[in-house]
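Let's take a walk through this structure together. Have the sequence and the 3D view ready as you read.

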Amino acid sequence: MSAPNELRRRDLVMDEAGIEALLQRGFCGRLATVGSDGAPYCTTMLYVWMDGCIHMHGTRTRGHLRANIEHEPRACFVIDEPGEVFDYGRFECDSTVSYASIVAFGRVTAVDDVAIKQRFFPALMAKYRTAGAPRPKDFFPRIDQIVLYRLAIERISGKEIVLPDVAGRWPALDRSQTPNATPPA
């Protein structure tokens, strides 16, 4: 695992409780892996945060993702949650967006334990199922046709910008990064 870089914007660091909450509520994430030719590959994955690890699933058929993980299990998983765009200063470029994001680094392994798969799928369905759909619950006839991936996290960080209340936004508060700039006439 690469050494962590020093965070430049320490004012945006998300605390552990915020990281845990985003892991629980995040809709999906992007898993980044590296192939045997050194090429990066990033794919969007539905996931479940379970047992202190990120769990994802895919087909048992060996494809791009599986080949990459077999070549190099080190991976990166990103979850982000956009908020509202807001102005913080008097110039058009004095705008930002509220957001929350995490970046998790670790190693991905395929999980063959049927008991873990049988816990994963009800958790996945609880997170993503269509509410009230009249279908059998906790019945997964194709469980042996999938591969369950687990990202064991070795390092994780989070950042966020919280949408300030109206008094903390422009024009009530001008936080322009170029307060002495003058627009052309």
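This is a predicted model: local features need pLDDT of at least 70, side-chain atom pairs count only at pLDDT 80 or more; totals for chains, interfaces and linings use all residues.

Residues are numbered from 1 along each chain as its sequence is written, and side-chain values use heavy atoms, with hydrogens and water left out.

Begin with the open sheet, whose 7 strands pair antiparallel in the order 2-1-5-6-7-4-3. Strands here are DSSP runs of E with at least two residues, helices are runs of H or I with at least four, and both are numbered from the N terminus; two strands pair if DSSP finds at least two bridges between them. Strand 2 (40-45) and strand 3 (48-50) each have a single partner strand, so one side of each lacks a neighbour in the sheet.

Now follow strand 3 into strand 4: the two run antiparallel and are joined by 3 bridges. Met50 stands opposite Cys53 of strand 4. The hairpin of these strands has 2 residues between them, and there Asp51 takes a positive phi near 60°.

Strand 4 (residues 53-59) also pairs with strand 7 (residues 146-161), antiparallel and over 7 bridges. Along this pairing, His55 stands opposite Arg150, while Thr59 has Ile146 as its bridge partner.
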